[in-house]
Amino acid sequence: MAVLLGAVHDRKQAQDVTKTLMDNCPGIGEILGREIDDLKMIEGMTEHAAAAIECVKEAYKRALREGLKRGPVMDSQEKLIEYVRVNIGFSAKEAVQIIYLDKQNRLIRDEVYFGTIDEVHLSERKVVKKALSMEAASIILSHNHPGGSLEPSEDDKVMTRELVSACQGVGIELEDHIIMTDKGYCSFKERELL
């Protein structure tokens, strides 16, 4: 991190900012999971330093996204989980990620919606409408639990049932619902909750 920040700070400043970052974020994932505005709130963090960190995060996400576009997403659970983790797993705010897939289960597009520290709203109707507009054959729903619990809540189960119902009504399949934390994940498909 100090080497990266050395591109926008002198060596001493880069080391100081890195130490402050590591004191506030207990790992590189936590740093990459912070939104740019949250990074700028950390003492010593400049706009240029936050932008450099954001560039690294975006480059990593794009590299993972390219891998998911090459072949069936569901054939590479490990790559899928890593992609979701980088997008929302380390976020301190609730977030939902929708991954839209074509008939060959390749990534068409994905979208991330951030909410507050303990809530994010998802409109099943909006998700289905977007899936139809992209001619998606299926979707993957994922959301994070910033508190760290991997257990699906009753609200999670209700939201999943409602989305399955909305998707089935127009011939779209919900492939999985993944709950993500910085330490692991819970797949509704693997746990036979779909």
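A quick word on what we are looking at. This is a predicted model, in which local features need pLDDT of at least 70, side-chain atom pairs count only at pLDDT 80 or more, and totals for chains, interfaces and linings use all residues. Residues are numbered from 1 along each chain as its sequence is written, and side-chain values use heavy atoms, with hydrogens and water left out.

Strands pair if DSSP finds at least two bridges between them.

Let's stay with strand E4, residues 173-180. E4 is mostly covered, with 7 of its 8 residues buried. Buried here is under 20% relative accessible area, exposed is over 50%, and partly exposed is in between, using a 1.4 Å probe and protein chains only.

On one side, E4 pairs with strand E3, residues 138-144, in the parallel sense over 7 bridges. E3, helix H8 (residues 154-168) and E4 together make a right-handed β-α-β unit. Right-handed means that, with the strands pointing away from the viewer, the path from the first strand over the helix to the second runs clockwise.

E4 also pairs with strand E5, residues 185-187, this time in the antiparallel sense over 3 bridges. Met180 turns up again here, with Tyr185 as its bridge partner in E5. E4 and E5 form a hairpin, and 4 residues lie between them.

Now let's zoom out to the sheet. It is open, built from 5 strands in the order E2-E1-E3-E4-E5, with mixed pairing. Strand E2 (107-114) and E5 stand at the edges with a single partner strand each, so one side of each has no neighbour in the sheet. On average, neighbouring strands are turned by 15° against each other, direction ignored.

At the other end of that order, E1 and E2 run antiparallel and are joined by 7 bridges. Ala95 stands opposite Phe114 in E2. E1 and E2 form a hairpin too, with 5 residues between them.

Asn105 lies in the loop between E1 and E2 and has a positive phi of about 65°, although it is not a glycine. Is Asn105 buried or exposed? Asn105 counts as buried, at 19% relative accessibility.

Compare that with Glu192, in the segment after E5. Glu192 is another residue other than glycine with a positive phi, near 55°, but Glu192 is exposed, with a relative accessible area of 70%.

On to the helices. Two packed helices are described by the angle between their axes and the distance between the axes. For helix H5 (residues 47-70) and helix H6 (residues 77-89), the axes come within 10 Å and cross at roughly 155°. That makes H5 and H6 roughly antiparallel. For the cut-offs, under 35 degrees is roughly parallel, over 145 roughly antiparallel, 65 to 115 roughly perpendicular, and the rest oblique. Axes are lines fitted to C-alpha atoms, for helices over the stretch in contact, and angles run from 0 to 180 degrees between N-to-C directions.

Which residues of H5 make the contact with H6? They are Lys57, Tyr60, Lys61, Leu64, Arg65 and Leu68, facing Lys79, Leu80, Glu82, Tyr83, Val86 and Asn87 of H6. Contact means heavy atoms within 4.5 Å.

Lys61 deserves a moment of its own. Lys61 sits in helix H5 and is buried, with a relative accessible area of 12%. Leaving aside residues up to four places away in sequence, Lys61 touches Tyr83, Val86 and Asn87.

Lys129 is in helix H7, residues 124-133, and is exposed, with a relative accessible area of 63%. Lys129 and Asp156 are 27 residues apart in sequence and 21 Å apart in space, C-alpha to C-alpha.

Note on methods: Helix = DSSP H or I, 4+ residues; strand = E, 2+ residues; numbered from the N terminus.
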